[in-house]
Amino acid sequence: MSERYPFKPLFSASALDAIMRCPGAATLPIVEICTDESLALSTEAKGAGTAEHASVLNIDSLSDNLKEWLLPDIKSTGYDVIHFEQRFAVSFDALLSAPVDKVNPHALGLSAGTPDAFAYWFDSQGLHVRIGDLKTGAGQGRGCLPHPSQSWQLRYYALAVLLWLGWSPFPVAGSEVGHVLASVKVSFWTRDYVAEREAEPDLDPADRAHLWRITEADLDEQTLRESVTKLQELTKQLSYAPQNVWRVGDWCGGCRSLMACPAHKNAIERLGTATDGELDDAKVAEAYEALDVVRAQVAAAERSVEAYVTSKGLLPLRGDRTLTRVVRKGRRVSPLALPMLKEKFPAEYPAMVRESTSLARIAQAVGEAVPGPRTAMVLGELEGTPGALVKSEGYELRVRRNGSD
């Protein structure tokens with residue numbers, strides 16, 4: 001059983017976007033073999049994220065813009081209607097939602113979710129709900145989040161809160177209508193590095209107070225009803241026939257359950273067969289789709305070998321060879337040293353430091369997940385400086401969706 005839930009969830013809100021791509025993945029264990037260093041980094045990252053959530057998600061330290069988004073009319077509601085990290089158990093079969101301490105831990109078909117923060121209130125228009133999810137992981141910095149309107153994780157949170165409040169997605173004629181939905185808004189909260197730099201330009205980024213950008217979406221009642229139907233279907237699939245819903249796609253390479261996936265057990269064999277003999281369109285397409293899976297399997301195998309050799313010290317190989325793990329020790333100059341180097345060694349500084357940048361770094365600095373209008377504005381400023389922009393050409397293999405570039 002989960003440490004957070006007294007029952008084994010059929011699926012969780014945080015995994016729901018991945019499960020919607022491949023429902024079968026919900027039934028598989030996570031397979032991840034870590035070296036000492038990668039385990040330490042993973043533990044450190046998780047600890048930092050937990051600490052960030054703890055420092056932000058309470059009424060005393062919640063930033064003003066997040067409070068105002070959760071409660072636009074604070075005078076008539078009051079901060080006491082903001083809920084932080086409320087754990088829900090939801091049955092989409094029975095259309096019931098409750099805090100986890102109110103459910104039978106032996107109940108079957110329950111899913112689980114914990115919205116970071118939500119608020120609700122009633123007025124003459126009906127029920128208003130606001131749900132925010134704080135994102136601190138490195139993936140968010142690479143623009144990996146879906147838009148809130150497309151996030152199944154946020155839809156789950158909205159449905160968990162609404163069902164808990166007594167909203168009925170499928171009212172029966174002649175019965176009580178239930179709550180009239182006036183508005184349902186969901187949002188991701190991500191670090192606003194541009195605002196942080198503008199607020200405290202003289203401080204190192206690591207020392208600046210964290211500010212949060214709100215990316216929101218409205219969920220209409222029709223979308224919510226359709227989402228309930230989809231989650232009812234998912235519940236049945238995972239309860240009765242999970243083996244029938246494997247979906248292979250370009251997301252497989254990043255799946256944490258890849259090594260346990262029956263759909264990819266023979267990826268290396270498929271790759272060899274596809275590239276054997278005379279090639280044709282079908283064989284090359286098959287080979288390309290197998291490559292990501294094989295790379296992931298090779299990387300996992302390398303981590304397994306490294307972890308085993310680390311524990312053994314030495315491993316005999318054929319031909320009087322020995323496999324061992326060599327630790328290379330050294331020192332690295334961090335970016336925090338650059339201002340001191342520039343001050344103390346102004347003449348030598350240009351030779352000591354080779355500073356560089358890229359479109360991706362510029363985009364991130366101006367608050368864009370990928371280069372866009374803000375990045376174009378920065379490049380426009382460089383047009384008048386000879387040599388500032390250099391044209392380059394190259395090629396790469398890229399999957400194109402039908403009807404897109």
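**A tour from core to surface**

Select Tyr-156. Leaving out neighbours within four places in sequence, Tyr-156 is in contact (heavy atoms within 4.5 Å) with Phe-11, Ala-13, Leu-16, Val-90, Phe-92, Ser-111, Ala-112 and Gly-113. This is a predicted model: local features need pLDDT of at least 70, side-chain atom pairs count only at pLDDT 80 or more, and totals for chains, interfaces and linings use all residues. Residues are numbered from 1 along each chain as its sequence is written, and side-chain values use heavy atoms, without hydrogens and water.

With Tyr-156, they have the most contacts inside the largest nonpolar core, which has 35 residues. A nonpolar core is a set of buried Ala, Val, Leu, Ile, Met, Phe, Trp, Tyr and Cys residues joined through side-chain atoms within 4.5 Å. Colour helix 6 (152-164) and helix 8 (221-240): both are among the elements that each supply at least two residues of this core. Helix 6 gives the largest share, 10 residues. Now select Leu-57, Trp-69, Val-81 and Ile-82; they are among the 15 residues of another core, apart from that one.

Return to helix 8 and pick Gln-232. Is Gln-232 buried or exposed? Gln-232 counts as buried because its relative accessibility is 19%; buried means under 20% relative accessible area, exposed over 50%, partly exposed in between (1.4 Å probe, protein chains only). Not counting residues up to four places away in sequence, Gln-232 touches Phe-92, Leu-95 and Phe-170.

Last stop: Met-340, in helix 11 (residues 338-344). Helices are DSSP runs of H or I, at least four residues, numbered from the N terminus. Met-340 is partly exposed, at 39% relative accessible area.
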